[in-house]
Amino acid sequence: MQPSESSEAPAQRPGQPESTQAALTKSAEQALDQLAEIVALGNSVKQAYASQLKLTGQIATAEWQLTGRSLTIAAALVVCFGAGMILLWGSVLLLLGYLLFQLSSSVVITATALLLLQFALLLWCWRSLAYVLAQAGFSNTLRQLQLLLFRPQKEDTNADPTATH
């Protein structure tokens, strides 16, 4: 039997010089160093992404609070504007009523004219509201989503029937 060689010496292939073995060892070490650097950069990117995500969440929370505050103030201003419009319309009706009563000296004619005027305004408001509400909504978006997600698309009647799909 032959004595076994020491495990301390690096294994060399037959016919391979020591300088080539040293170069391979050096390039392996460089590759490991580069991999370690890539891992460190990956961790850095991950941490930066996490902090960016956290900042985005904080910005969204702040914007949500500002939007809520703005909508509350806007609602209050709309109520004030509505109250002002009611007072203005009441003043116009009062002035017209006074003028009509001075001209006709009849409470019935004045009241009838003011009621007709009020009815005409309410009718106009109702029709305008119906028109505006008909414009609101997402009917076209919902229709497109249904076409994309739930219903199979119809084949084009102008398409070539001999074409392969």
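Predicted model: local features only at pLDDT ≥ 70, side-chain atom pairs only at ≥ 80, totals over all residues.

Residues are numbered from 1 along each chain as its sequence is written, and side-chain values use heavy atoms, with hydrogens and water left out.

How much of the protein is buried? Buried residues are 4% of the 165; buried means under 20% relative accessible area, exposed over 50%, and partly exposed in between (1.4 Å probe, protein chains only).

Back to cartoon. You'll find three helices and zero strands, running α-α-α from the N terminus. Helices are DSSP runs of H or I with at least four residues, strands are runs of E with at least two, and both are numbered from the N terminus.

Next, select Ser-105, in the loop between helix H1 (18–104) and helix H2 (107–135). Its phi is near 55 degrees, a positive value in a residue other than glycine. Most residues other than glycine have a negative phi. Ser-105 counts as exposed because its relative accessibility is 59%.

Now click Ser-106, in that loop between H1 and H2 too. Is Ser-106 buried or exposed? At 18% relative accessibility, Ser-106 counts as buried. A polar atom of the Ser-106 side chain lies 3.5 Å from the backbone nitrogen of Val-108.

On to the largest pocket: select Gly-82, Met-85, Ile-86, Leu-88, Trp-89, Gln-118, Leu-121, Leu-122 and Cys-125, which line it. H1 and H2 are the elements that give two or more residues to this lining, with H1 giving the largest share, five residues. The space inside is about 250 Å³. (A pocket is an open set of points on a 1 Å grid over the protein atoms alone, where a 1.4 Å probe fits, with protein on both sides within 12 Å along at least five of seven lines; lining residues have an atom within 4 Å of a point.)

The whole structure has zero disulfides (pairs of cysteine sulfur atoms within 2.5 Å).

Terms used
Polar contact = N/O pair within 3.5 Å; in protein donor to acceptor, adjacent residues only side chain to side chain. Points joined across faces, edges and corners; volume = space filled by probe spheres on them.
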